[in-house]
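Subject: Structure for you to look at

Hi,

Please have a look when you get a moment.

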Amino acid sequence: MAATGFEGFEKRLELRFYGDDPLATTNRYSSPLGLRQILDFDSLVQVLNAVQCTVVSAVGNRYFDAYVLSESSLFVYPTKIIIKTCGTTQLLKSIRPLIQLATSSHDQDLSLCALRYTRGSFIFPESQPSPHTSFADEVDYINRHLPPSLRRRKAAVMPSNLTSHSWHVFTATTDQAPHLIGLEVCMTELDRAQARNFFQPPGKGRNGDVAGKEMTKLTGISEINPGSIICDFGFDPCGYSMNGIDQERYSTIHVTPEDGYSYASFECVGSAFDDDVDDLVEVLKKVVRVFGPGVVSVSTTGAGREVWARLGRAMEGMKRRSFAVDEFPAAGTVVFQTFTAGRRK
């Protein structure tokens, strides 16, 4: 029987909504709160029960709500939901209840206009439950639970020269949906000394909030984006999750530090690509320094050539091993790059 451990690679789902007349207003929703009002805590618990995870911490501002989950993160904007989960969670089982909750509200009048699903290659694919047993099964499940109005659909696996790192992408959209943008970074073979910072000392008995704050400070994660409000959580005996909020932007980090299948991820989505590319390059450099990974994959969605080219050059001390590019409805250009570090002692 093959060895198994905790699956660090996340599954990520993004849903976008608008009102019946998507071109009538700039904001495209009936209430300033939109989905934030519809998805109260009880409704979220209902959705997360289907996925098989729970909320462990939360923070919000005037733009969106961010939840740290027992397996990764959830973000709720007025017209957008992003949920990513690791382990053996059944993320795609959130599609039906989320669409039903969002579109059945008498106060909001929302309709689904775009969906994007992404993930890397699982370390332990044989441990994944249905519908995540294969990418073909995932695509079939999504297609069966989408309304026919999202008729522009595409599924593809973006390959690399590293068999352990491929990028799986499915998008679906109406004709009028906006492009989605984002940066997703997956890191494996973390530096062992740095990975140890995400273990709780035996016998200390710290709660997750206290442990998370200590890990954030000790590892330098707090310096990645000093202007953000951080909501963090340290798991027992090991593991770490963090959501950062900075006005309408979010960032998120998740760490599985166990030797042999160590993994960390970083993501930011929102208006980051509208700002100085230098800021994004510096963020990526800091992220890589925090974890010292042996292998890194970087996926950029909806960004221009300058962004993904500069991000590739930001991988100091690493060699690019592969480069793939494809076009997707609701995403535009997706660029997937992989990198490996030099020989370690």
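The largest nonpolar core holds 36 residues, and Leu-115, Tyr-117 and Phe-170 have the most contacts inside it. By nonpolar core I mean a set of buried Ala, Val, Leu, Ile, Met, Phe, Trp, Tyr and Cys residues joined through side-chain atoms within 4.5 Å. Buried stands for under 20% relative accessible area, exposed for over 50%, and partly exposed for what is in between (1.4 Å probe, protein chains only). Helix H3 supplies the largest share of this core, 5 residues. Apart from it lies another core, of 34 residues, which includes Val-185, Leu-190, Leu-284 and Leu-311.

Before the rest, two notes on how to read this. It is a predicted model, so to speak with conditions attached: local features need pLDDT of at least 70 and side-chain atom pairs count only at pLDDT 80 or more, while totals for chains, interfaces and linings use all residues. Residues are numbered from 1 along each chain as its sequence is written, and side-chain values use heavy atoms, with hydrogens and water left out.

Leu-311 also belongs to the buried residues of helix H8 (residues 305-313), along with Val-307, Trp-308, Ala-309 and Gly-312. Helices (H or I, at least four residues) and strands (E, at least two) are DSSP runs, numbered from the N terminus. The buried residues of H8 pack against strands S9 (182-188), S14 (295-301), S15 (318-328) and S16 (332-341), and against helix H7 (277-291).

Now to the annotated site. The unreviewed UniProt entry lists Ser-72, Cys-86, Ser-241 and His-254 under "active site". These four span 183 residues of sequence, yet they cluster in space, with a largest C-alpha distance of 11.1 Å. UniProt positions are in the numbering used here, feature names are shortened, and annotations may be inferred rather than shown by experiment.

His-254 sits in strand S12 (residues 249-256) and is buried, with a relative accessible area of 4%. Its side chain joins that of Ser-241 through a polar contact of 2.8 Å. A polar contact is a pair of N or O atoms within 3.5 Å; within protein, one must be able to donate a hydrogen and the other to accept it, and residues adjacent in sequence count only if both atoms are side-chain atoms. Cys-86 lies in the loop between S5 and helix H3 (95-103) and counts as buried at 7% relative accessibility. Not counting residues up to four places away in sequence, Cys-86 touches Ser-72, Glu-71 and Glu-10, among others; contact here means heavy atoms within 4.5 Å.

The side chains of Lys-84 and Glu-267 make a polar contact of 2.7 Å. Beyond its neighbours within four places in sequence, the contacts of Lys-84 include Ser-72 and His-254.

Lastly, strand S11 (residues 240-246) has 7 of its 7 residues buried. Tyr-240, Met-242, Gly-244 and Asp-246 point one way from S11, and Ser-241, Asn-243 and Ile-245 the other way. S11 pairs in the antiparallel sense with S10 (residues 229-234) over 6 bridges and with S12 over 7 bridges; strands pair if DSSP finds at least two bridges between them. Asp-232 stands opposite Met-242, and Tyr-240 opposite Val-255.

Best wishes
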